[in-house]
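Here is a short report on one protein chain.

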Amino acid sequence: MRRILLDNIAAGMKIAKPLYSADGKILLNAGLEVKDSYVRRLRELDLSYIYVEDELTADIEVPDVVSEKARIEAVNTAKNIMDKVKVGKMVDAGQAKKTANNLVDELCRNKGTLVNFIDLRTRSDYLFNHSVSVCILSIMTGISMGYDELRLRDLGVGALLHDIGKIMLDQELLNKSDRLTAKELEETRQHSQLGFDILRKNPDISLLSAHCAFQHHERYDGSGYPRGLSGCEIHEFAQVVALADSYDALTSDVSYRAAVPVYEALAIIANESGSNFNPTVVDNFTSNIAIYPIGTVVRLSNNEIGVVVDISKEVKHKPVVRIIADEYQQRIDRIVEIDLSKNSRLYIADVVER
Ligand SMILES: [Fe+2]
């Protein structure tokens, strides 16, 4: 399979990964051939990318770090918990822990798999999808940092609920696409304190998890909020969540800008290592992310076009690429693969969004 922009879907293409609605129902199943009559409706789907397959890429599998089922369950749990808190109920700590435990189990089982994409998510319900992505990315980082299961669970609960304070804010303010006024910015920044207050009230939630909400906008160099803490004054869990939160926001379509490609987001984060983020956390975080995820279409330095088919964890910027078009952009019909890690002349020049 290969990944294309949803806008470029065309008749005759075959869907390679099932698409789910927000409530976990299958919208479109894998194997379905796109017909002229539903191209328009497909383009209206609330998604950025879609996986399709053709003869040249049919055997390329994109491994998931977490099953789609577990991810959707987690999104629903996040929504349930936050909806209840909105009407004045307590956080369901049992549900949050169960979800975090599930994700910890799956991620420990799939240890070594790089994050290819956790972005077959819909653009609506951003808060809940974002919460789960941050939870997954945080747990992966915690695993790399050698945390035991109990710490992973507390980190997972904190990451899942890091933005719970937002549920108490004016929702129009959260979705505003224009620049926020100073007063509005001040108001949105209240969500860390609000979230902390919600979580610490609950005796079944670890105070460490509550601190993820409180401190996830603090920055390593002291430039964050609400208290301007720096270095180890910020709990390590919150340092992990801060990074996962920033990375996921960068790679998502949000109301005020389109998603940034993975390689660009990783470059931004590397640039902020030591200032906004703890370098150890950055290293552990990035070790889990595929710079050029499997299924990505890339242009090589010799102008050939290929699809990423395999990545070694050691040389992530030089994956194995299957060529699909020659340097004159003519499709080729036999399988040629190049392992860039073994080829010192060739490199990836560009990601082709098509
Ligand atoms: Fe936040």
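## The sheet

Lys-14 has Glu-53 as its bridge partner in strand E5. The model is predicted. E5 covers residues 49-53 and runs antiparallel to E2, with 2 bridges joining them.

The sheet is open and has 3 strands. Their order is E1-E5-E2, with antiparallel pairing. Strands E1 (2-5) and E2 (14-15) are the edges. Each has a single partner strand, so one side of each lacks a neighbour in the sheet.

## Helix H5

H5 spans residues 149-160, 12 residues in total. From first to last C-alpha, H5 reaches 16 Å, close to the 16 Å expected at 1.5 Å a residue.

H5 is mostly covered, with 9 of its 12 residues buried. Among the buried residues are Leu-152, Arg-153, Asp-154 and Leu-155. The buried set also includes Gly-156, Val-157 and Leu-160. What covers them includes helices H2 (68-86), H3 (93-109) and H4. Helices H9 (207-215) and H10 (236-250) are also part of that cover.

## The nonpolar core

The largest nonpolar core holds 84 residues. Cys-135, Ile-136 and Ile-139 touch the most other members. Helix H4 (residues 126-144) gives the most to this core: 9 residues. In soluble globular proteins, nonpolar side chains tend to be buried together.

Notes:
Residues numbered from 1 in each chain as written. Predicted model: local features only at pLDDT ≥ 70, side-chain atom pairs only at ≥ 80, totals over all residues. Core = buried A, V, L, I, M, F, W, Y, C linked by C-beta atoms within 7 Å. Buried ≥ 20, exposed ≤ 12 C-beta atoms within 10 Å, placed from the backbone. Helix = DSSP H or I, 4+ residues; strand = E, 2+ residues; numbered from the N terminus. Expected span 1.5 Å × (residues − 1). Contact = placed C-beta atoms within 7 Å. Pairing = 2+ DSSP bridges.
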